[in-house]
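A plain account is enough.

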Amino acid sequence: MGTFSRKFYDRHWVMFAIIILVVSCKSKTNDTVKRSDTNIDPIEAKIDSVLSKMTLEEKIGQTAQRGKSSRVKELPKDLKDAVRKGQIGSFLNIMNKEDAKELQRIAVEESPSKIPLIFARDVIHGFKTIFPVPLGQAASFNPSIVQEGSRIAAIEASTYGIRWTFAPMLDISRDPRWGRIAESAGEDPYLTSEMAKAYINGFQGEDLASPTSMAACAKHFIGYGAAEGGRDYNTANINDNLLHNVYLKPFKAAVDAGSATFMTSFNDLNGIPASANSYVLKDILREKWGFDGFVVSDWNSIKEMVNHGFAKNEKQAAEKAINAMLDMEMTSTAYQDHLKELITEGKFSEKELDVIVKNILRVKFRLGLFDNPYFDPDDTVLYAKKHLASAQRAAEESTVLLKNKNEVLPINAKQKIAIIGPLADAPHEQLGTWTFDGEKEHTITPLKAFENDKQYSVKYESGLSYSRDKSTENFQKAISIAKSSDVILFFAGEEAILSGEAHSRAKINLPGAQEKLINELHKTGKPIVLILMAGRPITLENIKDKVDAILMAWHPGTMGGPALKNIITGVVSPSGKLPITWPKEVGQIPIHYNHKNTGRPVIPEEFVQMDSIPIGAWQSSLGNTSHYLDAGFLPEYSFGYGLSYSNFTYSNAIISTETPKMGDTITVKVTVKNEGDQKSKETVQLYFRDMFASITRPVKELLRFEKIALDPGESKEVSFIFSTDDVAFYGPDKKWITEPGDFKLWVGEHATDESNELKFTLE
Ligand code: BGC
């Protein structure tokens, strides 16, 4: 078809579509992510109409995302001219509302095709009101709290015109050395998938076209969490089995939940950088999953393919990325500088570029930006009371009680309290990583929360002024208030800067002289409650026996102080559960509950610890099984673990059938009772194991979970419904398959709780 007839055909098709539309969708004003019931999607007709008028330069312009570092205030001058010429499709980090408004005005009034811009930002765990870091939110095992938090983030951020967030981060993370584990939902594909849905539903709201909705961005596609040795940006070698059965799952959930956009990752996956990886970007994301939003590169990740040694120069990097159908380039300018040339040389076609531009325009239409490009700068919603209350609930539900010897917690108002430690009054640090907009002035620390509540008698000495502080100079002051108190609350951990991007650590114990100070405080004989604020699990081998209770608060956000006060004093019973296996030693990493059994699994009763090996022992006298001589075979705490002030009993676990047929639905029921004297929440967890299959399967996989609230003495029956499809795996034939055979199920408190075992055999 020639150019003229193509245009003629397109225009007539557009007119035809408009007539159908007017007749069939009279009442519909906004296009949402959900497809219209008619066969013709009204947005597609609009996209075609816009596209038909665009020049090649403008099309290339839509693929460009420009911006500035989050720290730079001034808007570079040449950017306005570029917008006027239609050379930019999106901006990131424009935090001056007047600049944003002016850039948008230029785009929709002065640029040739008047296409609105999308403004993006990393709104990761809150905008102004900061929620716990995502790893902490995952510990809540409460998707509704996560959804509420991301809804609030969108309401707040959209007052700055931000309609696109670079979240959620869905990288399966099994390595706590990796700084970005804080941004993830941990090690489990099912939990991460549930969190993905919650974040996306919250950010995008019920209608993506609403001015308070933000497009979500599922990132980083893919394999970033598998960076070698936990070193950021490093190579990821993930075989097809692991890729499909573990790493891709949350991203599929993101497509199903309607994530408007995706972001590629920095790493190379099995030798091919993710930003030019046709297998994942074209074959899986587009063809298999039918994703029709757009994909943005990570910051400079196209041009970094030169550093990877995958492209000889930026032009070749652009060629490789565009041929993998990576739609938009973040910050670097390889597309802008070379696409035209690549098209002239026949290395890419304008027709293919049209597909890319359509993906971008589709999201802009879905966001309603063509109808309503501006934003309401009303900032009275920032730090709204109900936002703070929600952030506090999230911090309460994310906190995990790991140890509570002699029920030292909760404390009561009659006890004299010594508050010590570098994180007790560190308003900036408790916000955690990726909080460009959260302000420490609005943060309530644990110290402030206790001081504001006059019923508590509190003395404070930090002992160490920041987490890496090695000076013992102020130890005596801390020891002296400890001696005159009944209980020590020691707030320890990592400053925010010690986790996040490029902040990997080889040692993950408490930095600075924190362990030393704990040892000194232990000598006072006073009970010590260790409250950890950190972006990752912290190895505790050197101090765990010196403290009586341990609470993991992650970096709990703006309302961390009041939340922790409520937990420490028993107003709220802790209910967080670990979204990640907690190692004893760095040398155990990677360690995760859903590992394979191996041919020689551990025999716990035969394990001999290194120090007990007789001198001159015979080579195989210890038995040959999979363990460490020194660190054993168990983690410090398992996935799903977390104590409460109540204890719960599980009874009457039953399965609806032990001989289901392929395609059947199966129900598992269990009764859970709160045996304590305090209202508490419990996360009931269902795990399964496929006992034998055509590829080896993990010893356990989380299948379902539900968080319930129980009054003292109350019982509830929890039902989990799943189908035989839910126990499928990606098999050797490169297809999802559920194979007949034996399955075991466990319903209980955490991944290693096997007290309620069920089974079925699939015919
Ligand atoms: C990070 C992304 C982030 C982007 C924009 C990159 O360095 O890897 O996660 O969204 O910067 O700030």
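Which residues in H12 meet which residues in H13? Glu314, Lys315, Ala318, Glu319, Ala321 and Ile322 in H12 meet Ala334, Tyr335, His338, Leu339, Glu341 and Leu342 in H13, where contact means heavy atoms within 4.5 Å. Helices (H or I, at least four residues) and strands (E, at least two) are DSSP runs, numbered from the N terminus. The model is predicted, so local features need pLDDT of at least 70 and side-chain atom pairs count only at pLDDT 80 or more, while totals for chains, interfaces and linings use all residues. Residues are numbered from 1 along each chain as its sequence is written, and side-chain values use heavy atoms, with hydrogens and water left out.

H12 covers residues 314-323 and H13 residues 334-344; they pack at an angle of about 80 degrees, with their axes 9 Å apart. Axes are lines fitted to C-alpha atoms, for helices over the stretch in contact, and angles run from 0 to 180 degrees between N-to-C directions. The angle makes H12 roughly perpendicular to H13, since angles under 35 degrees count as roughly parallel, over 145 as roughly antiparallel, 65 to 115 as roughly perpendicular and the rest as oblique. The contact of H12 with H13 divides into seven nonpolar, one polar and four charged residues. Here Ala, Val, Leu, Ile, Met, Phe, Trp, Tyr, Cys and Pro count as nonpolar, Asp, Glu, Lys and Arg as charged, and the others, Gly among them, as polar.

The next pair is H9 (residues 240-247) and H11 (residues 278-288), with an angle of about 45 degrees and axes 14 Å apart. That makes H9 oblique to H11. Asp240, Leu243 and His244 in H9 meet Tyr279, Val280, Ile284 and Lys288 in H11. By class, this contact of H9 with H11 has four nonpolar, one polar and two charged residues.

H7 (residues 143-157) and H15 (residues 385-398) pack at an angle of about 145 degrees, their axes 10 Å apart. On the H7 side the contact is made by Ile145, Glu148, Ile152, Ile155 and Glu156, and on the H15 side by Lys386, His387, Ser390, Arg393, Ala394 and Glu397. Four of the residues in the contact of H7 with H15 are nonpolar, two polar and five charged.

Glycine 205 and glutamate 148 are 57 residues apart in sequence and 9.8 Å apart in space, C-alpha to C-alpha. Glycine 205 lies in the loop between helix H8 (189-204) and strand E5 (217-221). Neighbours within four places in sequence aside, glycine 205 is in contact with Arg151, Ile200 and Ser213.

Other loops hold backbone features of note. Most residues other than glycine have a negative phi, and most peptide bonds are trans. Methionine 325, in the loop between H12 and strand E10 (329-330), has a positive phi, near 65 degrees. The peptide bond from alanine 167 to proline 168 is cis, with omega near 10 degrees; proline 168 lies in the loop between strand E4 (162-165) and H8. The bond from leucine 409 to proline 410 is also cis, with omega near -5 degrees, and proline 410 lies in the loop between strand E11 (400-404) and strand E12 (416-420).
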